[in-house]
Amino acid sequence: MVRTESTMSMELGAQAPDFALPDPTTGRTVQRQDFAGKPLLVVFMCNHCPYVMHLADALADLVAEYQDEGLAMVGINSNDVEAHPDDSPEKMIDEARNRRYTFPYLYDETQEVAKAYSAACTPDLFLFDKDHRLYYRGQFDDTRPKQDPPQKPTGEDLRKAIQAVLNGDPAPQPQRPSLGCNIKWKPGNEPRYFNG
């Protein structure tokens with residue numbers, strides 16, 4: 001595990017890169033255009049990362065709360081599943097069901113979508129407005145796994161951003177990078193921006 005920060009390199013206002021990825025749970029392909037006209041949260045995540053495990057239930061609850069207000073979300077797993085079989089599509093199905101995800105949890109086998117977003121860690125969060133222009137990229141909140149004393153995740157930073165984008169308010173500042181495990185790149189597929 002390499003502690004890695006979000007690159008924060010995608011400029012605010014940038015258009016969300018397109019994607020068309022399979023959802024192992026349903027067997028269907030999900031595309032960015034499926035969420036046209038809705039604010040869209042894209043979270044690069046996986047099953048086994050302790051940083052994702054720390055906040056997964058809180059993220060699921062937060063997203064379910066705001067989906068009724070028009071928020072859309074996709075989770076994307078871009079890890080090399082040959083080296084990390086706990087992140088396999090079969091295990092993704094179990095994860096989505098056990099955590100009661102109400103959003104599609106997609107598999108980025110080629111890792112090209114992660115590269116298009118300059119994603120570096122799990123979790124890496126990108127919130128786009130209803131026109132799918134980047135509004136917020138950064139941390140879920142200040143909590144981390146194995147903090148002393150332990151703290152329950154609240155999603156404070158992301159919640160403020162979601163509420164602001166739904167209200168049509170300016171994006172919150174400052175935006176602090178997410179911290180997590182590095183995305184597990186396939187050998188020879190590491191992007192230039194990855195320093196792990």
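Biologist: In this predicted model, which residue of β5 is the bridge partner of Val42?

Modeller: Strands of a sheet pair through backbone hydrogen bonds, and they do so either parallel or antiparallel. Here the partner of Val42 in β5 is Val74, and the two strands concerned, β4 (residues 40–44) and β5 (residues 72–77), run parallel and are joined by five bridges.

Biologist: In what order do the five strands of the open sheet lie?

Modeller: Reading across the open sheet, the order is β6-β5-β4-β8-β9, with mixed pairing. At the edges are β6 (105–107) and β9 (134–138), each of which pairs on one side only. From one strand to the next, the twist averages 20 degrees. Packed on this sheet is helix α2 (residues 89–98), which touches β5 and β6 and whose direction makes about 175 degrees with that of β6.

Biologist: Turning to helix α4, which of its residues are buried, and why do they line one face of the helix?

Modeller: An α-helix has 3.6 residues a turn, so residues three or four places apart point the same way. In α4 the buried residues are Asp157, Leu158, Ala161, Ile162, Ala164 and Val165. Viewed down the axis of α4, these buried residues fall within an arc of 165 degrees, and therefore they line one face. Their cover includes β4, α1 (50–67), β8 (124–128) and β9.

Biologist: How many Å should α4 span, and what follows the helix?

Modeller: At 1.5 Å a residue, the 12 residues of α4 (residues 156–167) should span 16 Å, which agrees with the 16 Å between its end C-alpha atoms. After α4 comes Gly168, which has a positive phi, near 75 degrees.

Terms used: Residues are numbered from 1 along each chain as its sequence is written. This is a predicted model: local features need pLDDT of at least 70, side-chain atom pairs count only at pLDDT 80 or more; totals for chains, interfaces and linings use all residues. Side-chain values use heavy atoms; hydrogens and water are left out. Two strands pair if DSSP finds at least two bridges between them. Helices (H or I, at least four residues) and strands (E, at least two) are DSSP runs, numbered from the N terminus. Axes are lines fitted to C-alpha atoms, for helices over the stretch in contact, and angles run from 0 to 180 degrees between N-to-C directions. Contact means heavy atoms within 4.5 Å. The expected span of a helix is 1.5 Å times one less than its number of residues. Buried means under 20% relative accessible area, exposed over 50%, partly exposed in between (1.4 Å probe, protein chains only). The arc is that of the directions from the helix axis to the C-beta atoms.
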